[in-house]
Structures are given as C-alpha cells and as structure tokens.
Amino acid sequence: MNSTDSPQRDSPQRTPELVPPSDANIARAADMLRAGELVAFPTETVYGLGADATDDRAVARIFEAKGRPRFNPLIVHVPDQASAEAIVRFDERAERLAETLWPGPLTLVLPRRPDSPLSLLVSAGLDSVAVRFPAHPVARALLKAAGRPVAAPSANRSGAVSPTTPLHVAESLGARVGLILAAGRCAVGVESTVLDLTGEAPVLLRPGGVIAEDLEALLGMPVLRARQEESGDPAAPKSPGQLASHYAPGRPVRLGANGAAPDEALLAFGPDTFIRGGATRLNLSPQGDLHEAAANLFAMLRALDRPEHAAIAVMPIPEQGLGVAINDRLRRAAAPRGQAPFPPETPTQD
C-alpha cells in the first residue's frame with residue numbers, strides 16, 4: 001500500500017487548484033492519487049473526491065476531508081468491468097446489468113473477493129463493496145491513468161449539498177483537496193443509483209440516475225426498496241447515501257410548499273405563475289422536466305442556502321422516474337439533524 005508522511009491540513013497559503021482536464025493535468029492527477037493525495041474529478045452524476053482505494057491512509061483522508069462518519073461506506077470507481085471483477089464477485093444479475101448500464105450512473109454492491117487489495121476502510125469493514133464504472137470521459141481517463149481503483153464519494157463536506165460544478169467543490173472543501181479537474185457542470189445532477197446484489201433479492205439502497213423500473217425490466221424480477229430502518233443496523237449502512245439526514249443545506253428545508261413566506265427562498269417546479277411569496281425564487285424546471293430538475297437540484301439548493309433566508313420552501317415533485325431520486329434527496333435535506341449543520345458561508349471551517 002502507498003503511504004505518505006502526514007495528512008492534508010488546511011493552510012492559509014494552500015488553496016485548491018482548479019485545472020482543465022488536459023492530458024497533462026489528468027496524468028498529474030493520477031500521479032497525485034498514487035502518491036496518496038486527494039483529487040476531485042467530474043463524473044456524469046456529481047463531482048467525486050478521489051483517493052487510492054488500496055491505500056488506508058489515502059482513504060482515511062477522504063473521511064477527514066469530508067468530516068464523514070467512519071461507518072458510511074465509499075463507492076469504488078473503476079475504468080472498466082474487468083477491473084471491477086478483480087475486486088468483487090459478479091453473478092449473472094450483475095453481468096446483465098453491467099453489460100447494459102455500464103458505464104453509467106449505476107453502483108452495484110457485490111461480495112468482496114478474499115484477495116481484494118482494497119482498504120477495509122472503503123467498505124467500513126463489510127464483506128461487500130459498492131463499485132461503479134462511470135461514463136464521464138474525464139473520470140474514465142483519470143481512472144485508466146491511475147491504474148488502480150479509486151474511492152470517490154461526492155466532493156463536499158459530509159451532509160452538505162453535493163457538488164455539480166468545480167466551484168461547488170472549492171467552496172465546500174477548500175484546501176482539503178489539492179487538485180480539482182474542472183470540466184464544467186455534471187449532466188445527471190444526482191448521485192448514482194445503488195443496487196445491492198449480495199442477497200437473493202436485489203435491493204435498491206439509493207435511488208439515483210438509473211430508475212428502478214429499468215432495473216426490474218433488465219433483471220426480470222422485482223427490486224425491493226430498502227428503508228434505512230429495514231436495511232440492517234441503522235448506524236452501519238451498506239451504501240453511501242443511507243443516512244437519514246444527508247445532502248443537507250444549512251437553512252431548514254420545507255417540503256410540499258404551495259408558496260413561500262417573505263423571508264423564505266422558494267425552490268419551484270413546473271409553471272409557478274400563480275405561486276406567491278419568497279424573497280428569492282428559483283425553478284428546477286419551468287417545463288416540469290424531471291431530468292432538467294435533477295441536473296439543477298444541488299446547484300439551486302446551494303444558491304438558495306443563504307443566511308438571509310429563514311428557510312427553503314420546496315414545491316412538490318412528482319414521485320415518478322427521476323422524481324424518486326430528487327424527492328429522496330429533498331427528504332434527506334429536510335430531515336432533522338442531530339447537530340448543527342456545517343455553515344455554508346464558511347465551507348473550509350473545521
């Protein structure tokens with residue numbers, strides 16, 4: 001395993017470097033990963049905070065940078081299916097899904113191979129690993145150049161809104177990340193769908209960029225929908241994104257709103273001509289397009305998450321297609337927090 005002398009620390013002289021994803025910069029980022037450093041890079045879903053998944057110290061730096069609970073597993077990103085098969089065991093169901101939906105926004109939770117080189121921190125001590133083959137060309141080029149699996153949760157402080165642009169990463173993590181491969185805005189805008197295939201029945205652990213109906217059509221069987229309280233130990237989720245309060249802005253979030261108070265921000269969906277109130281108003285999709293809404297979700301939550309707003313009022317989103325993933329994120333954003341949220345106006349504060 002790789003090692004480095006000391007973990008990354010914030011420093012007044014050290015700020016994240018945003019660079020275009022040229023061949024030279026991708027090679028440099030790959031060198032940094034192999035040296036145990038953290039690199040932020042784009043996927044089709046959100047920006048990821050990458051570390052060498054075989055390096056205990058590098059993986060620990062992800063938790064340190066994000067302030068992430070140790071019990072929340074990380075998704076391991078690979079450049080191709082063969083690389084995934086070297087670290088986890090595929091069955092016929094996984095083969096079928098990977099053949100059709102990889103590369104893409106689908107994460108499969110599969111049994112870990114006994115000889116897997118992955119750090120145990122990646123899967124929080126579980127016998128399973130969440131693995132994904134992303135579609136974004138920059139992510140694929142970086143993974144190929146790195147030559148090893150890369151653990152990469154969303155590149156933001158834990159519990160904060162996930163990043164869909166390079167600036168979001170810089171604002172949230174600051175000097176906690178050394179290099180950001182800046183390739184514009186992410187196309188999908190919500191995280192990958194996470195499907196658990198470690199048991200007899202497939203279980204949807206997190207809705208995301210691939211809808212459950214498509215999974216069921218490919219598998220030819222129902223996909224169970226897991227709730228946190230039904231998926232085992234609630235303090236030890238099997239997948240990222242299963243904590244009840246997650247993706248949370250600093251302002252309170254009020255769901256199912258038909259209007260907003262004068263001191264609230266309004267996050268609208270569909271035609272909002274007759275909606276009243278709101279100090280600031282943004283619309284996920286005036287046309288009611290769920291794909292557009294998903295792509296705008298995290299960026300607009302961030303834009304409305306300002307100290308002058310008492311809360312963020314959110315209009316109803318249809319519970320269908322990508323609306324399932326959008327509503328999942330919004331419910332987590334609105335869930336009660338056990339502690340004060342990380343202040344959005346000071347993203348690099350310890």
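Tutor: Happy to! A residue counts as buried here when its relative accessible area is under 20%. By that cut-off, buried residues make up 56% of the 350 residues in the protein chain. Please keep in mind that this is a predicted model. The chain holds nine helices and 15 strands, and it exposes about 14000 Å², with carbon and sulfur atoms supplying 54% of that area. Of the contacts between residues at least 6 apart in sequence, 69% join residues at least 24 apart.

Now to the pair itself. Two packed helices are described by the angle between their axes and the distance between the axes. Helix α8 spans residues 290-304 and helix α9 spans residues 323-334; they pack at an angle of about 20°, and their axes lie 9 Å apart. Angles under 35 degrees count as roughly parallel, so α8 is roughly parallel to α9. Their crossing is left-handed.

Which residues in α8 and α9 meet? From α8 come L290, A293, A294, L297, F298 and L301; from α9 come G323, I326, R329 and L330. Sorted by class, this contact has eight nonpolar residues, along with one polar and one charged.

Methods. Residues are numbered from 1 along each chain as its sequence is written. This is a predicted model: local features need pLDDT of at least 70, side-chain atom pairs count only at pLDDT 80 or more; totals for chains, interfaces and linings use all residues. Side-chain values use heavy atoms; hydrogens and water are left out. Helices (H or I, at least four residues) and strands (E, at least two) are DSSP runs, numbered from the N terminus. Buried means under 20% relative accessible area, exposed over 50%, partly exposed in between (1.4 Å probe, protein chains only). Contact means heavy atoms within 4.5 Å. Accessible areas come from the Shrake-Rupley method with a 1.4 Å probe; for residues, only the protein chains shown count as cover. Axes are lines fitted to C-alpha atoms, for helices over the stretch in contact, and angles run from 0 to 180 degrees between N-to-C directions. Angles under 35 degrees count as roughly parallel, over 145 as roughly antiparallel, 65 to 115 as roughly perpendicular and the rest as oblique. A crossing is left-handed if the near helix is turned anticlockwise from the far one by less than a right angle, and right-handed if clockwise. Ala, Val, Leu, Ile, Met, Phe, Trp, Tyr, Cys and Pro count as nonpolar, Asp, Glu, Lys and Arg as charged, and the others, Gly among them, as polar.
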